[in-house]
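Open the model in your viewer and keep the selection tool ready. We will go stop by stop.

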Amino acid sequence: MLTNGRPKNTIHESNQSTIAKLRESNPVLASKFEETFTEKKLDIGSVIYFNEPYTTIPRLIKFDDKYLQATEKAVPCFLTGEKFDKLIDIGNNLAFASLQGDQSFNSFSKSKDLQVSWKSMILMRFSPKYCYYHYLSSKYEQLVCYFFYSNDLLALKKYYRIYGSFFKPSLKLQADLYISNFEPYQFGSPKKDDNTVIKDDFIGRHEKLFMLIYTIYKKILFNRQNPDNEVLNDLFNFIEKENYSIQIMTFQADKFSGTFRANSFETFNQFKFIVKFIAYSEKNGLSFNQFLRSLKFQKMQHSSRGFGDKCRLERQLRNEVLCKVLKQKSVVNEIKTLFYDCFICLFKPDENVGYKDYNMLVKFLEIYEPIINQNMDKEQFQTLQNRAINLGKSIGWAILDFENPENKIEIKKANAKDARTYIIGLHKARTAEQFREAIIRILNKYDVGMAEELQSGLNDDTFVFIKQYTIISALSKINFALKPQNEPKNEN
């Protein structure tokens, strides 16, 4: 805590008044204030930051009514354009922003070009209070912060009024040991092996950012499960006003020698796209609960690590996938690798692939990939995608139903194991010719038909695309047969 160094023998009258008011609204915080000012004998008027060290003490300015008045003599604040009778010289009185070196607004004719309103000064000085933060582990060694940024301060104020509702209250912060200051949307209650509840299922930097945006989306729609077009249109009109933009500034700092050292910074400027994509996907039947749960995967060789490491490794793929989704990049290769790894693991008795809704993962690709595709016409993309998916379905069903007229589960599992060589052959194909040969072996063995359009369109430019979706679609059927999965519980 910073002070001006002048000790007080008694609690100042202003402090006593503040404590009395706090007792009515927040007894815990009032007790904390009283304890602090009694033991350390500090004057609240000289305290700038509560229980936090800082190297700069902003110069306090006595308040004047003219700071909020606007008569004919009013002059504009160069940040907001709002006019007030009296402005504040920026000087060196801002702890969190230094505009002194910005010469773009300086005419050099006088020293008071850079003046801001009282409101802007308060906003710049204390806006870090409104950041969302999250420690990536319970050891408090990695900190990620998310700041909303806009080119319009009034728009930013409007956003905080809407999105401020999921900041955790002080008692909740204390109960959660200050790991995170915001409450993400809860799909359910994932559990550890010993059936104790995990407080937060999303711990990675990018999955946490995605859930922050998803939480905002749910808050706007008041947790409606099936929002109608009118609600969605109101939402899109709100976030698509042309006079301002919304970005999320993200930085990460790692613990280093008793302090935190920032090591990465990123500006996320696809906020509107992600909100619209979430709304569009849910409207078309995608369950983000099942999709996000299905992305958790951990191979057996990592199981000997501690729970903290296992928890992080299990969510590593999901963090990588959501990182690409936030950047509008293709994730089909990551999904294909997940399906194939699950296929291999399901033959090992000690492996556990966890909950997997393969059909929901395929549905995500059917919705997402055509939207972010930039290599071909959207209609052409969807046509090729659907044909490859249908080929994969035919292969999966043909393998499971091979010599199985009574549709027995035991025979399906045995067929899936017998087809392992054929699936591995598809996966290892590195050229269009190798892939075509692998397909022909499957067609001859299981009497599967392949559309002429797809066969004629298979070339060096398209074979990777066709291969990925064919394997994904085939394994969505085969993996499910090897280990059927019940629907997730506690879906909201």
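How many helices and strands does the protein have? Colour by secondary structure: there are 19 helices and 8 strands. Helices (H or I, at least four residues) and strands (E, at least two) are DSSP runs, numbered from the N terminus. This is a predicted model, where local features need pLDDT of at least 70 and side-chain atom pairs count only at pLDDT 80 or more, while totals for chains, interfaces and linings use all residues. Residues are numbered from 1 along each chain as its sequence is written, and side-chain values use heavy atoms, with hydrogens and water left out.

**The cores**

Select Phe-148, Phe-210, Phe-271 and Phe-288. They have the most contacts inside the largest nonpolar core, which has 100 residues. Such a core is a set of buried Ala, Val, Leu, Ile, Met, Phe, Trp, Tyr and Cys residues joined through side-chain atoms within 4.5 Å. Buried means under 20% relative accessible area, exposed over 50%, and partly exposed in between (1.4 Å probe, protein chains only). Now show helix α19, residues 463-482: this helix gives the most to the core, with 11 residues. Then pick Ile-88, Val-116, Trp-118 and Met-121, which are among the 8 residues of a second, separate core. Across the protein, 44% of the 492 residues count as buried.

**A hairpin**

Go to strands β7 (residues 246-256) and β8 (residues 259-268). They pair in the antiparallel sense over 9 bridges; pairing requires at least two bridges found by DSSP. Gln-252 stands opposite Ser-264 in β8. The two strands form a hairpin with 2 residues between them. In the turn, Ser-257 has a positive phi of about 50°.

Select α4, residues 153-163. Which of its residues are buried? Ala-155, Leu-156, Tyr-159, Tyr-160 and Tyr-163 are. Look down the axis of α4: its buried residues fall within an arc of 140°, so they line one face of the helix. The arc is that of the directions from the helix axis to the C-beta atoms.

**A loop residue**

Where is Phe-402 found? Phe-402 is in the loop between α14 (378-400) and α15 (409-418). Phe-402 is partly exposed, with a relative accessible area of 23%. Leaving aside neighbours within four places in sequence, Phe-402 is in contact (heavy atoms within 4.5 Å) with Ile-411, Asn-415, Lys-445 and Tyr-446. Finish with a distance: the C-alpha atoms of Phe-402 and Ala-416 are separated by 9.7 Å.
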